[in-house]
Amino acid sequence: MSIHELIEKEIKRQRETLMLIPSENYTYPEVRAAVGSPLMHKYSEGYIGKRYYQGNEIIDEIEGLAIESAKKLFGVPHANVQPYSGSPANSAVLMGLLNPGDVIMGLNLSSGGHLTHGHPTITFSGKFFKSIQFGISKDGTFNFEEIENLVKQEKPKLLILGTTAFPRVLDFEKFASVFPKDVILVADISHIVGLVIAGEHPSPVPYFDVITTTTHKMLKGPRGAMIMVTKNGLQKDADMGKKIDKAVFPGLQGGPHDNTTAGIALALEKAGSSEYKSYAHQVVLNAQSLSSKLISLGFELVTGGTDNHLLLIDLRNMNVTGKEAAVALEKAGIVTNANSVPFDDKGPFNPSGIRMGTPAVTARGMKEQEMEKIALWIHEVVQSIADDNKLGEIRTKVISLCEAFPVDF
Ligand SMILES: *Cc1c(COP(=O)(O)O)cnc(C)c1O
């Protein structure tokens, strides 16, 4: 099959399935146009007004618009929009602000942290730094006394805090209070960025020094990332922004993807609108509706529900594994991912849970009523995991629902 035909097939798949992976989303047609534009032909190594190539007058303006929008939207004095994606952004922060072997602290993967937050041995963050990991308690909350003791014992230079599978509010203010004033506090808000912008989740900006985020998840922009330095950060170290900029380029990257920068500028502009605010609010309402319907059908949710855009089902009381459920759900047109639950007794390849989120189905215009239908289908799928006829029947219903909420591509 040709690439063109494969793209058409993937478009059909995206149109006809429910995208419930919480880190996925549909971007805007304008962003797709910017990313596919001739901006991709340009080389712009360096920063605004200080490029290593000629012909960057217009690119400077585009990058300037993206930076100004980021600063305004988050209320920060410094922003870098060049990181290629979330993982390189986090690497740049660590490289720019630390020396190899320095002690970092981060949330472990099984509690919902990200690999780049110090996962031992196999990642940049775990290999080049002394990484101290902490986790959430059995009830899904943080034990701040334990964390504070760990801080006193290990004396980290930097905390990197962010989540990919945590359904509750992250108390950035509380975290900031258990770290000594000289520790660099980095919040990775990749998953919750839209909730922070819309005021649906407390912002780390008043308490943390550095904020990283991807731009392709809840922000609905192109694949990319940003690093921001807050007022606190610049008070701690007036050169913090410069150090991070230097780590992005020339430390880790070459030329910025100017086509992506334009897409980020567009997505940030849209994220400042009242429509985006209502979208973010509906994302949370939808997650809560999906959550309560699933609970009423007998599902057990990690922490018993959700405050944000995602939920984690612990399937152990249903006698199926996360992988089995995710595979059967995909046959029915409901695309999720298997995920470990805290204190999982099964391995990461066939964990006990599935993770699902509402950013993408909300972007299609779906509301609480549709979430209840989806919950019923999820229940039916888990009840008839090996019954391909039944899964096919649900698939037909999923396609009709998708047709009633078309995507704009
Ligand atoms: C997605 C994510 C990342 C990594 O982003 P990539 O663009 O996949 O490299 C890092 N941190 C968090 C919290 C994330 O959710």
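A salt bridge here is a side-chain nitrogen of Lys or Arg within 4 Å of a carboxyl oxygen of Asp or Glu. Keep that in mind as we walk through this predicted model, where local features need pLDDT of at least 70, side-chain atom pairs count only at pLDDT 80 or more, and totals for chains, interfaces and linings use all residues. Residues are numbered from 1 along each chain as its sequence is written, and side-chain values use heavy atoms, leaving out hydrogens and water.

**Stop 1: salt bridges**

Select lysine 157 and aspartate 102, whose side chains meet in a salt bridge (3.3 Å, N to O). This pair links distant parts of the chain, 55 residues apart: lysine 157 is in the loop between helix H6 (144-154) and strand S7 (158-161), and aspartate 102 is in the loop between H4 and S5. Helices (H or I, at least four residues) and strands (E, at least two) are DSSP runs, numbered from the N terminus. Is aspartate 102 buried or exposed? Aspartate 102 is buried, at a relative accessible area of 14%, while lysine 157 is partly exposed at 39%. Buried means under 20% relative accessible area, exposed means over 50%, and partly exposed is in between (1.4 Å probe, protein chains only).

Next, pick aspartate 388 and lysine 331, which form a salt bridge at 3.5 Å, N to O. Aspartate 388 belongs to helix H16 and lysine 331 to helix H13, so this pair ties together parts that are 57 residues apart in sequence.

Now try lysine 71 and glutamate 68, joined by a salt bridge of 3.4 Å, N to O. They are three residues apart in helix H3 (residues 57-74), so about one helical turn separates them. How many salt bridges does the structure hold? There are 17. Also select Arg51, Asp60 and Glu63, which are linked in a network of salt bridges.

**Stop 2: the ligand**

Show the ligand and the 13 residues around it; Ser85, Gly86, Ser87, Asp188 and Lys217 come nearest. (A residue counts as near if one of its heavy atoms lies within 4 Å.) Look for these polar contacts, meaning pairs of N or O atoms within 3.5 Å:

- Glycine 86: a backbone N or O atom is 2.9 Å from an oxygen atom of the ligand.
- Serine 87: a polar side-chain atom is 2.8 Å from an oxygen atom of the ligand.
- Aspartate 188: a polar side-chain atom is 2.5 Å from a nitrogen atom of the ligand.

The protein covers 86% of the 390 Å² of accessible area that the ligand has on its own; such areas come from the Shrake-Rupley method with a 1.4 Å probe. Helix H4 (residues 86-97) gives the largest share of the shell, three residues.

**Stop 3**

Most residues other than glycine have a negative phi, and most peptide bonds are trans. Select threonine 121, which has a positive phi of about 60 degrees although it is not a glycine. Threonine 121 sits in the loop between strand S5 (103-107) and helix H5 (124-127). Then go to phenylalanine 249 and proline 250, joined by a cis peptide bond with omega of about 10 degrees. Proline 250 is part of helix H10 (residues 240-252).

**Stop 4: cysteine 402**

Finish at cysteine 402 in helix H16 (residues 388-404). Cysteine 402 is buried, with a relative accessible area of 2%. Beyond its neighbours within four places in sequence, cysteine 402 has contacts (heavy atoms within 4.5 Å) with Arg15, Glu16, Thr17, Leu18 and Arg364.

Terms used:
A polar contact is a pair of N or O atoms within 3.5 Å; within protein, one must be able to donate a hydrogen and the other to accept it, and residues adjacent in sequence count only if both atoms are side-chain atoms.
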